[in-house]
Amino acid sequence: MTSQGQQVAASQAGAAPPKVSYSLSGGIIARLAGLKASLAFTSYQSGFLYMLGSGPQGNPQLHQSGMPKPMGLCADGPGRLVLTAGAQVMRLENVLEADQRINKVYDGCFMPRTVYTTGQLDAHDVGVQTDGELVFVNTRYNCLASISERHSFKPVWRPPFISDIVDEDRCHLNGLAMRDGKAAYVTAVSKSDTIDGWRDRRGDGGVVIDVENNAVVCEGLSMPHSPRWHDGKLWVLNSGTGELGHVELPDGEGKMGKFVPLAFCPGFLRGLSFHGGFAFVGLSRPRYQRFEGLELDQRLIDADSEPWCGVQVIDLKSGACVDWFRIDGDIGELYDVELAHGFSCPMTVSPSSPDAGTLITIEQ
């Protein structure tokens with residue numbers, strides 16, 4: 001990893017590293033330090049949960065930990081993360097006290113303490129309700145679901161255009177926006193009610209759905225992802241056009257909202273987190289068929305730009321990219337992005353690594 005010629009420490013656990021190189025803007029580590037936060041992001045392609053922070057000497061430090069198909073990621077208060085991962089949904093808890101360090105480097109250590117086995121649901125975004133219950137996007141069954149103590153999942157909501165809970169990815173439900181501790185909005189690639197129907201609607205069939213009112217509030221999007229409620233606005237990534245923007249919500253029943261783009265980022269966008277006036281946006285390279293043939297292709301040509309994999313920090317006032325982290329090489333796809341507040345340089349532990357069995361902590 002390099003930043004203006006600086007060598008950057010990277011460490012990993014639980015899997016062999018892919019062949020990649022990393023680069024970053026000169027200001028992103030200082031920005032994270034100023035926020036007293038680190039940057040977490042997932043890649044199901046690499047099988048890693050990443051943590052980017054600042055080492056003891058202020059140097060960039062990247063930790064990567066092997067997870068089974070890491071996808072949706074959200075913070076659940078200080079010192080806790082929730083991750084959808086393959087056939088599992090897991091809570092990761094920081095086990096260090098404020099004055100403790102691992103290897104004199106890591107000020108946080110996130111262990112997978114609670115692991116729910118759900119089966120392969122192709123779970124995407126995840127959120128935590130006010131009562132602590134987890135809610136996640138069950139893409140395979142076209143619904144929002146919660147954890148069941150006995151079964152694979154408990155359906156809690158489905159879009160109005162989905163006729164039944166069936167084992168068919170019909171609309172490619174993917175994104176979840178929480179508001180006031182409740183599931184508020186979701187994104188889907190289409191309103192299709194037939195198996196795999198969404199693939200024929202990737203260009204402009206995307207929708208945003210109001211969960212409480214069970215109504216589509218924005219349509220005509222291209223593979224939208226990562227809806228998030230921030231500072232009184234519903235933000236969405238219009239992934240097929242490479243745009244970050246917000247939805248002007250309709251002011252009455254039966255009316256339709258409007259997507260208002262703020263910034264073009266050179267990639268297929270997934271993963272969105274906020275702090276104050278800045279958005280942290282995940283970018284992927286559109287290498288595979290599902291990402292090709294979209295408006296993004298022409299937008300990249302017009303901008304004379306190659307697609308990115310990484311994270312860009314966008315100023316919400318100007319729409320400018322003010323900092324960035326980039327991955328080149330074998331890894332081209334990220335899924336989710338989150339900020340881990342209160343930690344300068346945290347690490348995570350893979351459930352299949354030796355550390356999961358040997359790192360013992362005692363509650364006092």
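This tour visits several salt bridges in a predicted model.

Residues are numbered from 1 along each chain as its sequence is written. Because the model is predicted, local features need pLDDT of at least 70 and side-chain atom pairs count only at pLDDT 80 or more, while totals for chains, interfaces and linings use all residues, and side-chain values use heavy atoms, with hydrogens and water left out.

A search of the whole structure finds 18 salt bridges; each is a side-chain nitrogen of Lys or Arg within 4 Å of a carboxyl oxygen of Asp or Glu.

Please select Arg-228 and Asp-336. Their closest N and O atoms are 3.1 Å apart in a salt bridge. Arg-228 belongs to strand β20 (residues 224-230) and Asp-336 to the loop between β27 (321-329) and β28 (337-341), so the pair ties together parts that are 108 residues apart in sequence. Strands (E, at least two residues) and helices (H or I, at least four) are DSSP runs, numbered from the N terminus. Both Arg-228 and Asp-336 are buried; buried means under 20% relative accessible area, exposed over 50%, and partly exposed in between (1.4 Å probe, protein chains only).

Next, select Glu-243 and Arg-299, whose side chains meet in a salt bridge (3.1 Å, N to O). Glu-243 lies in strand β22 (residues 243-248) and Arg-299 in helix α2 (residues 295-302), 56 residues apart. Glu-243 counts as buried at 12% relative accessibility, whereas Arg-299, at 23%, counts as partly exposed.

Arg-80 is partly exposed, with a relative accessible area of 27%.
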